[in-house]
Amino acid sequence: MTTTRFAPSPTGYIHVGNLRTALMNFLIARKAGGEFILRIDDTDPERSKEEYVDAIKQDLEWLGLTWDRVERQSERLERYVAAADELRRIDRFYEAFETPTELDLKRKKQLNMGKPPVYDRAALALSDAEKDALRAERGNGVWRFRLDQERIEWNDGVLGDISIDAASVSDPVLIRGDGQFLYTLASVVDDTEMGVTNVVRGSDHVTNTATQIQIIKALGGTVPAFAHHSLLTGPQGEALSKRLGTLALRDLREAGVQPMALLSLMARLGSSDPVEVRREMAELIEGFDINRFGAAPTKFDVEDLYPLTARYLQSLSLEDVKVHVEALGVPAEKQEGFWTMAKENITTLKDLGEWWDLCRDGAAPLIAEEDKEFIAEAMALLPEGPYGDDSWKSWTTAVKEATGRKGRGLFMPLRKAVTGKERGPDMSALLALMTVVQARG
RNA sequence: GGCCCGUUCGUCUAUCGGUUAGGACGUCAGGUUUUCAACCUGAAAAGAGGGGUUCAACUCCCCUACGGGCUGCCA
């Protein structure tokens, strides 16, 4: 069975970058009729917060990314202990005692000499007596996985054939000095034991993947299919991490972005498929193919979400938005007409209020100097509100006869005088919903 | 510095040696709608640079430049 997972660490709110990863994994699982696991990577008790766990779930629920199972790494520590024992047993694990400062110094030296900053495996040469001495002096060391120094290759779902020389990578630390298990080990153990078949993640994990493949094999697991999608950049190509502050999912929700608009973009951006707003998740699932994504960094512009949101809203019926319309206080008999009129002229649902205000209270007129006389004449011909379906037609016909104006020269000044704006809904539909025209005096 | 990946219209991309380099979004211009929007039609718009290989290169190879990632007792 196809099994995928989204594995956020609850150290903050999730943002568009995380969403892209989550969505891809979700779509793959759903398309294959498989299982989608939400795995909370909370091995770090210092930084993990329950509040973020809840927030992540809320954000995913808002988007309809339902998971079949929740797993928490903090509840699986004994599995990691077992894996560590196994690695020791097969002699792929060794304890090292360098302090962070020492390691830092080593790296700097290597760089100065033009050498790659790879851990020199000095600890491998330590005798048991030396280890005991170091342990007594410095406490427990870290545990590193001993890489086989060979080329590690895999066929990546996005990147194609990848080959990384293990000699260019340091033996990864899997257990910290304080005994805490690190991401690389926990992730590998979980993926293997949970039967994860497809791992989609950002290309920032490419090098990890090389070492993880060796660990998986060492533990006797099956290597899943890997796909590393490119990372999102800002519109100028700058690293997105600099802008993530405004790109948390909850901020987008707060700004009025519609889930399907966001999902439609994230499910296709960076692929060869066109970005089109979809009404249903099923359509996104149906058309998704990870192989159609490119390896180059993808520019993402938050602003693109708003036209998509607007389009999505246009496709909705009153039923879909009834609560919002009702919340504005639109009387039942006017709701249908109001939504039909307003939906073409809003970007987010937040804009709805503005149009209802106009219907209820009218608006301060916008009258050009040269139109003053014309508007005065026209307003004299406008009966008192409330208005109905024929009001606009009969009024403009009368104004046309009285003034001889027609076309844009007739309608635009009237639109501005009635609504106070140059752009807006169909005037016939709008006036029918209005109660007061302020320009009438 | 080392390793990995990348670079085609403004944007996301197609092209698996021979194409008028295609599409989508955006932009612009017409049309339609008695007004806005929508819609229809059309247009402008691209192979980072330099070397090779080849009858033929966007496509394969090398170099350079640029972009992204990794190079943690983070994930």
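Predicted model: local features only at pLDDT ≥ 70, side-chain atom pairs only at ≥ 80, totals over all residues.
Residues are numbered from 1 along each chain as its sequence is written, while chains are lettered from A and ligands numbered from 1 in the order in which they are written.

**Figure 1. Overview of chain A.** The secondary structure of chain A comes to 18 helices and twelve strands, where helices (H or I, at least four residues) and strands (E, at least two) are DSSP runs numbered from the N terminus. Chain A has a radius of gyration of 31 Å, well over the 22 Å that the globule rule gives for 441 residues, so the chain is more spread out than a compact globule; the radius is taken over C-alpha atoms, and the rule is 2.2 Å times the number of residues to the power 0.38. Along the principal axes, the C-alpha atoms of chain A fill a box of roughly 105 × 45 × 40 Å. Buried residues make up 35% of the 441 residues in chain A, a residue being buried if 20 or more other C-beta atoms lie within 10 Å of its own, exposed if 12 or fewer, and partly exposed in between, with C-beta atoms placed from the backbone.

Figure 2. Strand 9 (residues 198–202) is mostly covered, with four of its five residues buried. Five bridges join strand 9 to strand 10 (residues 225–229), and the two run parallel; strands count as paired if DSSP finds at least two bridges between them. Within this pairing, N198 stands opposite A225 in strand 10.

**Figure 3. Helix 6 and its surroundings.** Eight of the eleven residues of helix 6 (residues 183–193) are buried, so this helix is largely enclosed by the rest of the structure. The buried residues of helix 6 include L185, V188 and V189. Their packing partners include strand 2 (35–40), strand 3 (69–72) and strand 9, a contact meaning that two C-beta atoms, placed from the backbone, lie within 7 Å. Helix 6 is followed by G195, whose phi is positive, near 70°.

Figure 4. Three strands form an open sheet in the order 4-5-8, with antiparallel pairing. Strand 4 and strand 8 (173–175) are the edge strands, each pairing on one side only. Four bridges join strand 4 to strand 5 (residues 142–145), and F93 has F145 in strand 5 as its bridge partner. D91 lies in the loop between helix 3 (77–89) and strand 4 (93–96), and its phi is near 65°, a positive value in a residue other than glycine. With 9 C-beta neighbours inside 10 Å, D91 counts as exposed.

**Figure 5. The surface near RNA strand B.** Of the 64 residues around RNA strand B, S272, P274, A296, F411 and R423 come nearest, a residue being near if its C-beta atom, placed from the backbone, lies within 6 Å of the strand. Helix 17 gives the largest share of this surface, five residues.
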